[in-house]
Amino acid sequence: MGRRTRRFWSDEEKRRIVAQSYAPWVSVSVVARRYDVNANLIFTWRRDPRYKPATDAGDAPSFLPVEVVPEPSASEPAAASEVRIEIALSNGHRVSATGSFAVDALCRVVRTLGG
């Protein structure tokens with residue numbers, strides 16, 4: 001049987017592996033198999049602040065501009081069920097909904113688009 005040699009990972013390699021383990025819908029075990037390393041070692045690296053992925057300024061919560069539109073006057077009747085909402089996300093996507101809609105479904109759409 002061959003003797004296994006101990007591998008050494010550079011800090012940059014550890015950061016790259018840890019960053020991949022935080023990707024959505026990717027399990028740590030899949031990343032561990034990709035690099036032929038024990039998953040427990042990746043969890044150890046994840047706890048170490050030196051290997052935490054850098055947070056992008058775009059990921060930080062921020063305030064978005066809001067435009068307040070006056071209510072229509074009595075001369076402009078609007079249907080009671082005619083509700084219109086438009087959301088401009090910070091990443092450039094726009095969500096527009098008219099009529100009756102489920103608020104939780106609209107929230108899922110906004111989360112999916114990265115709002």
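I started at the strands and found Ile 87 opposite Val 95 in E2. This is a predicted model, where local features need pLDDT of at least 70, side-chain atom pairs count only at pLDDT 80 or more, and totals for chains, interfaces and linings use all residues. Residues are numbered from 1 along each chain as its sequence is written, and side-chain values use heavy atoms, with hydrogens and water left out.

**Entry: the hairpin**

I looked up how E1 and E2 pair. They run antiparallel over 5 bridges. Pairing here requires that DSSP finds at least two bridges between two strands. Helices (H or I, at least four residues) and strands (E, at least two) are DSSP runs, numbered from the N terminus. The two strands form a hairpin with 5 residues between them. In the turn, Gly 92 has a positive phi of about 100 degrees.

Next I checked the faces of E2, residues 94-98. Val 95 and Ala 97 make the covered face. Arg 94, Ser 96 and Thr 98 make the uncovered one. In a regular strand the side chains alternate between the two faces of the sheet.

I also looked at Asn 91, in the loop between E1 and E2. Is Asn 91 exposed or partly exposed? It counts as partly exposed, because its relative accessibility is 39%. For this I used buried as under 20% relative accessible area, exposed as over 50%, and partly exposed as in between (1.4 Å probe, protein chains only). Asn 91 lies 8.5 Å from Leu 113, C-alpha to C-alpha, and the two are 22 residues apart in sequence.

**Entry: the nonpolar patch**

I found Ile 85 in strand E1, residues 84-88. Ile 85 is partly exposed, with a relative accessible area of 31%. Together with Val 83, Phe 101 and Val 103, Ile 85 makes a nonpolar surface patch of about 300 Å². Patch residues have over 30% relative accessible area and no salt bridge; like charges are joined within 9 Å, nonpolar side chains (Val, Leu, Ile, Met, Phe, Trp, Tyr) within 5 Å. A salt bridge is a side-chain nitrogen of Lys or Arg within 4 Å of a carboxyl oxygen of Asp or Glu. Areas come from the Shrake-Rupley method with a 1.4 Å probe; for residues, only the protein chains shown count as cover.

**Entry: helix H2**

Which residues of H2 (residues 28-35) are buried? I noted Val 28, Val 31, Ala 32 and Tyr 35. Seen down the axis of H2, these fall within an arc of 100 degrees, so they line one face of the helix. The arc is that of the directions from the helix axis to the C-beta atoms. The buried residues pack against helix H1 (11-21) and helix H3 (39-47).

**Entry: positive phi in the loops**

Most residues other than glycine have a negative phi. I looked up two with a positive one. Trp 25, in the loop between H1 and H2, has phi near 65 degrees. Trp 25 is exposed, at 90% relative accessible area. Asp 36 sits in the loop between H2 and H3 and counts as exposed at 53% relative accessibility.

**Entry: the whole chain**

I counted 4 helices and 2 strands, in the pattern α-α-α-β-β-α along the sequence. Buried residues make up 18% of the 115 residues.

Key:
Contact = heavy atoms within 4.5 Å.
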